[in-house]
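Hi,

Here is the structure I promised to pass on. Have a look at it first, and then read on for what turned up.

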Amino acid sequence: MNALQQLIRARMAELNRSFSDVARRGGLPRSTVHHLAANSRPGRLPNPVTLERLAVGLDMPIEVLRAAAAAAAGFSVSSLGSETVGDPEIEVLIASLAKLSPQDRRHVAALVQSLLTAKEKPTL
């Protein structure tokens with residue numbers, strides 16, 4: 001179970017809410033909530049609007065869901081410091097991802113992962 005699934009299921013249990021309850025409160029299809037909580041295929045970030053609605057349905061801060069979704073997709077969020085919170089450049093990048101096609105988002109994710117991998121390799 002990935003970080004997003006664990007968070008969704010734990011919060012649902014804490015609030016004693018069903019998939020239908022979360023979906024209704026957040027304005028999402030029940031199938032979307034179930035898919036995010038049960039699908040084990042990692043690697044894709046959910047649509048930002050979906051995460052916002054899920055945050056409403058789970059009555060929790062969007063930042064917590066974004067971090068869990070990023071971790072589930074394989075992105076390291078532990079290295080983000082408090083100085084990046086509210087950074088307009090990061091906010092624009094994140095908001096812009098929603099406007100890309102799923103294929104383009106996968107390309108961006110691959111580019112980011114390759115940049116992070118290259119940064120971690122020691123230079124000779």
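Which residues form a nonpolar patch on the surface? They are Val108, Val112 and Leu116, and together they have about 190 Å² of accessible area. Before you go further, bear in mind that this is a predicted model.

You'll find Leu116 in helix α7, which covers residues 102-120.

Now the overall picture. The protein chain has 7 helices and 0 strands, so if you read the elements from the N terminus on, you get α-α-α-α-α-α-α. The chain has 124 residues, and 28% of them count as buried. Its accessible surface comes to about 8,200 Å², with 57% of that belonging to carbon and sulfur atoms. As for contacts, take those between residues at least 6 apart in sequence: 61% of them join residues at least 24 apart.

One helix pair is worth a look on your screen. Two packed helices are described by the angle between their axes and the distance between the axes. For helix α1 (residues 3-15) and helix α5 (residues 62-72), the axes come within 7 Å and cross at roughly 140°. Why does this pair count as oblique? An angle has to be over 145 degrees to count as roughly antiparallel, and the crossing is roughly 140°, so α1 and α5 are oblique to each other.

And which residues meet there? On the α1 side they are Ala3, Leu4 and Leu7. Across from them, α5 brings in Val64, Leu65, Ala68, Ala69, Ala71 and Ala72.

- Asn16 is not a glycine, yet has a positive phi of about 55°. With a relative accessibility of 68%, Asn16 counts as exposed, because the cut-off for that is over 50%.
- Asp59 also has a positive phi, near 50°, in a residue other than glycine.

Cheers

Definitions and conventions: Residues are numbered from 1 along each chain as its sequence is written. This is a predicted model: local features need pLDDT of at least 70, side-chain atom pairs count only at pLDDT 80 or more; totals for chains, interfaces and linings use all residues. Side-chain values use heavy atoms; hydrogens and water are left out. Patches are made of residues with over 30% relative accessible area and no salt bridge: like charges are joined within 9 Å, nonpolar side chains (Val, Leu, Ile, Met, Phe, Trp, Tyr) within 5 Å. Accessible areas come from the Shrake-Rupley method with a 1.4 Å probe; for residues, only the protein chains shown count as cover. A salt bridge is a side-chain nitrogen of Lys or Arg within 4 Å of a carboxyl oxygen of Asp or Glu. Helices (H or I, at least four residues) and strands (E, at least two) are DSSP runs, numbered from the N terminus. Axes are lines fitted to C-alpha atoms, for helices over the stretch in contact, and angles run from 0 to 180 degrees between N-to-C directions. Angles under 35 degrees count as roughly parallel, over 145 as roughly antiparallel, 65 to 115 as roughly perpendicular and the rest as oblique. Contact means heavy atoms within 4.5 Å. Buried means under 20% relative accessible area, exposed over 50%, partly exposed in between (1.4 Å probe, protein chains only).
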